[in-house]
Amino acid sequence: MKLLKSKRKIVTEATQSFTFSRRAMVVGGLQGAVGALLVGRMAWISVAENEKYSLLSESNRVNLTLIPPRRGWILDRHGKPLANNRTDFRVDLIPQRVVDGEATIRHLAQLLSLEPDDVDRIREELDKSAGFRPVQIADKLTYDQFAAISVRLPDLPGVAPSQGFSRYYPAGATVGHLLGYVGAATAEDYKARKDPLLITPGFKVGKDGLEKAFDRHLTGKPGAKRVEVTARGKIVRELTTRPDTPGKSIQLTIDAGLQEFAGRRLATQSGSVVVIDCTNGDVLAMASMPSFDPNSFSDGISHMEWDMLSKDDHVPLRNKTLQGLYPPGSTVKPMVALALLEAGVGPQETISCGGAIRVGNTLFHCHKRRGHGPLNMRGAIAQSCDIYFYQMAQRIGMDRIAQMARRAGMGQRFDLPFPSQSFGTVPDPAWKERKYNKPWQVYDTVNATIGQGYMLINPLQMAVMAARLATGRQLMPNFVLGAQRPAPAPVGATEEHLAIIRDAMSAVVNGGGTGGAARMNIPGVLIAGKTGTAQVRRITMAERAGGVRGNSSLAFKLRDHALFQGFAPFDNPRYAVACIIEHGGHMIRNEDAPMIASDTMSYLFDPDKAMEKLVTLEKGWGGTPAERQARQMAAFRLTKAIEKGQAPPPVADTATNAASNTTAPAASPAAAPDDADDIPPPPGSDATDAP
C-alpha cells in the first residue's frame with residue numbers, strides 16, 4: 001500500500017519578516033492603548049480632578065480646625081447675666097488618634113496633677129467613646145500647664161489643647177434646675193445631625209432646662225483655623241483664622257437677684273419657691289433646692305460628685321418645681337370657697353365645727369381636735385377649718401369644685417420651654433370612672449375639698465392659682481421677656497366674690513389665722529395667703545396609741561409637706577408666690593413655707609433689708625448653698641476614703657455620734673411619682689394646718 005507524504009512548509013525570509021511585523025503591530029497597538037489610557041488618566045487627574053487632589057495635597061500640609069462658637073448669653077430681665085462665657089485653656093483627647101491610651105493618660109495626669117477620680121472618669125469615657133467624640137481631660141488650665149502640653153504634642157498623639165470659652169453660671173446651684181447645663185454631644189446627637197461641629201473639642205450643647213430648650217438659638221456659627229504642620233503633625237506656623245460668630249443671647253423674665261435670694265432662702269430644706277408678676281404672668285423666680293451646680297456638669301462632673309448627688313436624700317437632681325407633684329392640702333380652700341360662692345353659698349352661712357364629722361363609715365377629723373365652733377366662710381379660710389369645707393363641698397358636689405380648680409390653673413398644661421414637666425391631677429367623677437372604672441364616692445369629695453386624695457399639683461401651678469385668685473384673670477406663666485401673648489381670659493368669678501376671697505386670705509396672715517408667720521415686716525405692705533399641710537401617709541390609731549402623734553415622731557420621709565400660696569400687696573396685688581417644703585412638717589419656723597414665701601416677697605419691696613436678714617439666718621444654717629455643698633462634698637469624700645481603707649475612721653465619743661445620727665436627714669423620696677394618678681387614695685384624711 002502506498003503511503004501519502006505530508007507537504008513540508010517552506011520557511012523563507014519573506015514569511016519570517018511578515019510574521020514579525022504582525023506581532024510588532026499587535027504589541028505596538030497594545031502599548032499604544034496602555035499609553036493612551038495612562039495619558040487619559042493623567043489628563044483626567046490633572047484637569048478634571050485638579051481641585052480634588054489639590055485639596056488633598058494641601059490637607060497633608062495644612063490642618064483645618066473648627067473653632068467652637070461662643071454660646072449666647074442668658075440674661076435676666078434687667079440684663080444681668082445668668083449664664084455667660086469665660087476664656088479658658090483646655091485639653092481634650094481624640095480617641096481615634098490615640099496610640100497608647102493608658103500611657104497618654106498617665107503622662108497627662110502627671111503633667112496636670114489630675115485627681116484620681118478625674119483619671120477614673122477619663123478612662124471610663126475613653127472606653128465608652130465612639131471614637132470621634134472628644135474626651136475632656138481638663139479645663140481652666142493655667143498658661144504654664146497649657147504650654148507644658150503644647151510643647152509635648154509630638155509625643156502625645158490624640159491630645160488636643162485649645163484656647164476657648166467655657167460656660168459659666170454666676171449664681172451656681174440656685175439656677176441649676178432653671179437653666180440646666182451644657183455638655184459634650186453624644187454619639188446619638190452626631191448620628192442624627194451629622195454636623196462636624198458636634199465632634200469639635202470644646203463644643204457643647206444644651207443638656208437640660210432652658211439651655212436645652214433654646215440650644216439652637218444660643219449656638220452660633222463656628223470659626224476655622226488653618227495651621228501648617230509637618231508629616232508628624234508638629235505645628236510649623238498658623239496661616240489664617242476665621243473668627244467664630246457668637247450665638248444669640250436670650251433675655252428671660254427672671255429677676256437674677258430674686259432667683260438667687262429664693263434659692264438661698266430655702267435654707268437646708270428640700271422644696272421650691274415660685275414668684276409670678278400679677279400684671280402679665282412673667283415668672284420672676286423659680287427656685288428648686290437643693291440643687292446641683294451647673295458649672296460642675298458643664299465642666300465634666302466627677303464620679304465622686306455625681307455619686308454624692310445621686311445618693312442625697314433631698315433629691316438635688318430633681319426639678320421639684322416642674323417635676324414634683326404634691327397634694328396641695330389646704331391651699332386649695334380659697335379656690336373651693338370661690339366655687340361655693342359661685343354655686344350660691346352665702347359667705348355668712350355658718351357651720352359649727354365639733355372637731356370631726358362622719359362620712360359613711362369613716363370619721364374625718366379637723367386639724368383642731370376640739371373643733372372651731374361656729375364659723376362662716378371668712379373664718380373657715382382664716383382658721384383652715386376642715387369641717388366647714390367637708391359639709392359645704394357635699395352640698396355643691398365635686399364637679400363644680402373641679403371646674404373652678406381648672407380655671408384656677410390646677411392640672412393645666414402650660415406651654416413652657418422645659419423638656420420635662422408633670423402636670424398634676426384635678427379629679428372628678430368622670431375622671432375616676434375613666435381612670436379606675438369605679439364610681440365616685442362622697443369620701444372622694446371630702447378628701448379633694450381639702451387638697452388630699454387624688455388631687456395633685458406642682459409648685460408652678462400653685463403660684464398660678466395664687467396669681468389668678470389675686471387678679472381674677474387666667475394669667476399664663478411666661479419665661480421669655482417681651483413674648484407676645486394674647487390677653488388673659490377672666491377666671492369667671494365676679495369681682496365681689498374675688499374680694500371676699502382676698503379678704504379671707506388676708507385674715508389668714510394678718511387677722512389671727514394660721515399663716516401669721518408669713519406677715520411681712522414692710523411698712524404699708526400686707527401679704528394675703530393660705531397655708532397648707534399635705535399628708536404623705538395617714539397615721540394609724542395603733543401608731544397614735546404608741547405615741548406617734550406629730551411630725552417630730554416620724555422619720556423624715558414620712559413627715560407632712562408644708563405649703564403656702566399668696567400675693568402682695570393685699571389691696572393691689574402685684575406679685576404672687578408659692579412655696580412647697582417637702583417633708584417640712586412645719587417643724588422649723590425660720591425654714592417653714594410661710595416665712596420663706598414672706599421673706600422672698602419682701603425682697604421685691606426692700607431687697608437690702610431682706611438680704612440683711614438672710615445673711616444673719618445663713619450663719620445658723622452653715623453658710624450659703626455653695627459653702628454647705630463644699631462641706632458636704634468633703635465629708636462624702638472622707639467617707640469614701642474610709643470605706644476604701646485610705647483614711648482612718650474619725651474618733652468621736654458616743655454622745656457626738658448620737659447627736660449626729662439625730663440630726664442626719666433620712667431618705668426623702670419623691671412626694672408622688674410622675675404617674676401618681678395610678679396610686680389609689682386613702683379612704684380618709686387627717687390633714688392639718690399648722691398655725
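Predicted model: local features only at pLDDT ≥ 70, side-chain atom pairs only at ≥ 80, totals over all residues.
A cavity, in the sense used here, is a set of grid points where a 1.4 Å probe fits but cannot get out.

The structure holds 1 cavity of 30 Å³ or more. The largest cavity contains about 40 Å³ of space. Which residues line the largest cavity? They are Leu-322, Gln-412, Phe-414, Gln-421, Ser-422, Phe-423, Asn-458, Leu-460 and Gln-461.

I now move to helix α10, which spans residues 256–265. Of its 10 residues, 9 are buried, so the helix is largely enclosed by the rest of the structure. Among the buried residues of α10 are Leu-258, Phe-261, Arg-264 and Arg-265. Just after α10, Ala-267 adopts a positive phi of about 60°.

My last topic is the cysteines. How many disulfides does a search of the whole structure find? The search returns 0. Cys-353 and Cys-385 illustrate the point: the sulfur of Cys-353 has its closest cysteine sulfur in Cys-385, at 3.6 Å, which is too far for a bond. The reasoning rests on a cut-off, because a disulfide requires the two sulfur atoms to lie within 2.5 Å. Both cysteines are buried: Cys-353 has a relative accessibility of 4%, and Cys-385 has a relative accessible area of 1%.

How values were computed. Residues numbered from 1 in each chain as written. Heavy atoms only, no water. 1 Å grid on protein atoms, 1.4 Å probe; cavity = no way out; pocket = protein on both sides within 12 Å on 5 of 7 lines; lining within 4 Å. Points joined across faces, edges and corners; volume = space filled by probe spheres on them. Buried < 20%, exposed > 50% of the residue type's maximum accessible area, 1.4 Å probe, protein only. Helix = DSSP H or I, 4+ residues; strand = E, 2+ residues; numbered from the N terminus.
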